[in-house]
Amino acid sequence: MLHRMHAQYGDEGPSGPVKQWHMVLDEKSVALCGRDIDPGAATLDQTEWGRTKETCCRACGVNWLQSVPFLADEHDRQDYLP
């Protein structure tokens, strides 16, 4: 599965700032939260989730995190120990 982040713009449209980021599966035009997304909106790689200065959609985040595997080998165990 390939997820991409897509921008949602405010009242100014693409000429204005990004209002928030949504997660989209493959190249669909509907975000994981159900919002219709402009296919021409700016995109980011899924690894940028939570790293942007703009807000990320909570509903998209919940759905995305539930759909991707947690691979323990990719994480240093020391990061989770007190």
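This is a predicted model: local features need pLDDT of at least 70, side-chain atom pairs count only at pLDDT 80 or more; totals for chains, interfaces and linings use all residues.
Biologist: Let's get our bearings: what elements does the protein chain have, and how do they run?

Modeller: There are one helix and four strands, and from the N terminus on they go β-β-β-β-α. Of the 82 residues, 30% count as buried.

Biologist: Where does Leu 44 sit?

Modeller: Look in strand E3, residues 43-45.

Biologist: Why is Leu 44 called partly exposed?

Modeller: Its relative accessible area is 26%. Buried means under 20% and exposed means over 50%, so with 26% Leu 44 falls in between and is partly exposed.

Biologist: What makes E1 a mostly covered strand?

Modeller: Six of the seven residues in E1, which spans residues 3-9, are buried.

Biologist: How do you know that E1 and E3 pair?

Modeller: Two strands need at least two bridges to pair. E1 and E3 have three bridges, so they pair, and the sense is antiparallel. In that pairing, Met 5 stands opposite Leu 44. Those two are 39 residues apart in sequence, yet 4.9 Å apart in space, C-alpha to C-alpha.

Biologist: And what does E1 do with strand E2?

Modeller: E1 pairs with E2 (residues 18-25) over seven bridges, again antiparallel. There, Arg 4 stands opposite Val 24.

Biologist: Which residues is Leu 44 in contact with, leaving aside neighbours within four places in sequence?

Modeller: Arg 4, Met 5, Trp 21 and Thr 52. Each counts as a contact because heavy atoms come within 4.5 Å.

Terms used
Residues are numbered from 1 along each chain as its sequence is written. Side-chain values use heavy atoms; hydrogens and water are left out. Helices (H or I, at least four residues) and strands (E, at least two) are DSSP runs, numbered from the N terminus. Buried means under 20% relative accessible area, exposed over 50%, partly exposed in between (1.4 Å probe, protein chains only).
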